[in-house]
Amino acid sequence: MELKPKRFLILDDQLVLRKLISRQASFFNRFAVDIDEFSDPAEAMRSIAEGGYHLVITDIGMPGMNGIDFIKNVARLGYQGALLIISGYDGKTLQTIADMSANLGIACTRFLSKPYSAEAFVATLNSIFNAMERNGPPPGVDIEALLDEVCKDNYRLEFAPVFSLADRRLQGFSLSALSVAGGRYDFDHLLTLLAGRRMASAVALETVVERMARLLLQIGEHTALDECPMNIRIDEACLGADNVFDHCFALLQQYGVAAHRIGFELADGLSRRSGALCFENVAKIKYLGFRLLADGFGAGSLTISNLLKFPFDQVNVPAQTLSWLRTLLGEDAGAFRLLRYFGLPQAAVCATGLDDEESVALATALGCPHGVGRHLAPTVPEQDLVAMTADSLGGKSGAEAAVE
């Protein structure tokens, strides 16, 4: 437990509910917690303006200033902590409000629909602080120095293993995080940090893809997973860079690694305002033989138009989307039959964020063939990939290695 407590602010116009949330927060033993309670949004905003809060918990339906206007005003204050919305509204409405919050700059936003259990509340708090620890850059991070270290190859990668849910057989890896210059970053967060610097995202992508090519070569040489695929996140800044995927293709050729062993995960939606080069690069990914994955189905910014028009090979479905599908359809193993409208078979589904037993059971019940998450396996440092793959699937015999 940290010596310095985390500060929570709770805003709800109903005294009983405020006290209930405070009581539930007392079950959170990951950190010591100091809690300030407010019934008036204006008073809560004045306290937030003074700074120091790690988490703001708010209701939506309140007299006077409603929760939506409160969140907008909090964002205008430049609040940098996390937000938890607790309300009786349905999940889709709360997700829309959470997306609004993220677009206003409150990146770490979660919600709970009433009624909920104390266990769900604590699990949500853990999810919030896990995300803040993963995504928050060290104070005063120098982005230029960070990029310089990446270009010098002074970094380490972590991968999330992808498994078949039917038999828990290892299927491949998805890039999870990158450690560099004393910090650890989810790769999508690193891309966000680099997005404002011209060509920086493309340079980082090419550098990491070359590292992945070397790792794929080692895995193929020493284990029984000859066709191990690896996936890596891309964003619109990557798609807007000229020749980046040609360079990635050339790097793979140098190592004798087939292009289809790399999958690019896209969660950013493209519209008519996106540059023509973005659409060209989507086509080029397929033309060069790479795989294209739709990431964050139901949670990212990909539109139905994108899903219909882009040549995706796989759809990654977060556990949160799975819970919505269960609400809509029940535990129907054919829940993903709608993917045929996007030109995809049901087999092209990977459930993501399977961090507990319940989410794994739900993904299995809904017919997801593949999954990734902490409950299936922790992330693996790049130096342990070969050993982990060999332990899971078996290494090659000396005779097999000699033949190759």
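1. Strand 6 and strand 7 (residues 170-180) run antiparallel, joined by 8 bridges. This is a predicted model. The hairpin of strand 6 and strand 7 has 5 residues between the strands. There, R168 takes a positive phi near 55°.

2. Is strand 6 (residues 156-164) mostly covered or mostly open? Mostly covered: 8 of its 9 residues are buried.

3. Now helix 10. At 1.5 Å a residue, the 12 residues of helix 10 (residues 244-255) should span 16 Å. The end C-alpha atoms of helix 10 are 17 Å apart, which agrees.

4. Which residues of helix 10 are buried? They are V244, F245, C248, L251 and L252. Seen down the axis of helix 10, these buried residues fall within an arc of 115°, so they line one face of the helix. An α-helix has 3.6 residues a turn, so residues three or four places apart point the same way.

5. The buried residues of helix 10 pack against helix 8 (200-222), helix 9 (236-239) and helix 11 (276-287), as well as strand 9 (230-234) and strand 10 (262-266). On the face turned away from the buried side, Q253 and Q254 are exposed.

6. After helix 10 comes G256. The phi of G256 is positive, near 70°.

Definitions and conventions:
Residues numbered from 1 in each chain as written. Predicted model: local features only at pLDDT ≥ 70, side-chain atom pairs only at ≥ 80, totals over all residues. Heavy atoms only, no water. Helix = DSSP H or I, 4+ residues; strand = E, 2+ residues; numbered from the N terminus. Expected span 1.5 Å × (residues − 1). Buried < 20%, exposed > 50% of the residue type's maximum accessible area, 1.4 Å probe, protein only. Arc of directions from axis to C-beta. Contact = heavy atoms within 4.5 Å. Pairing = 2+ DSSP bridges.
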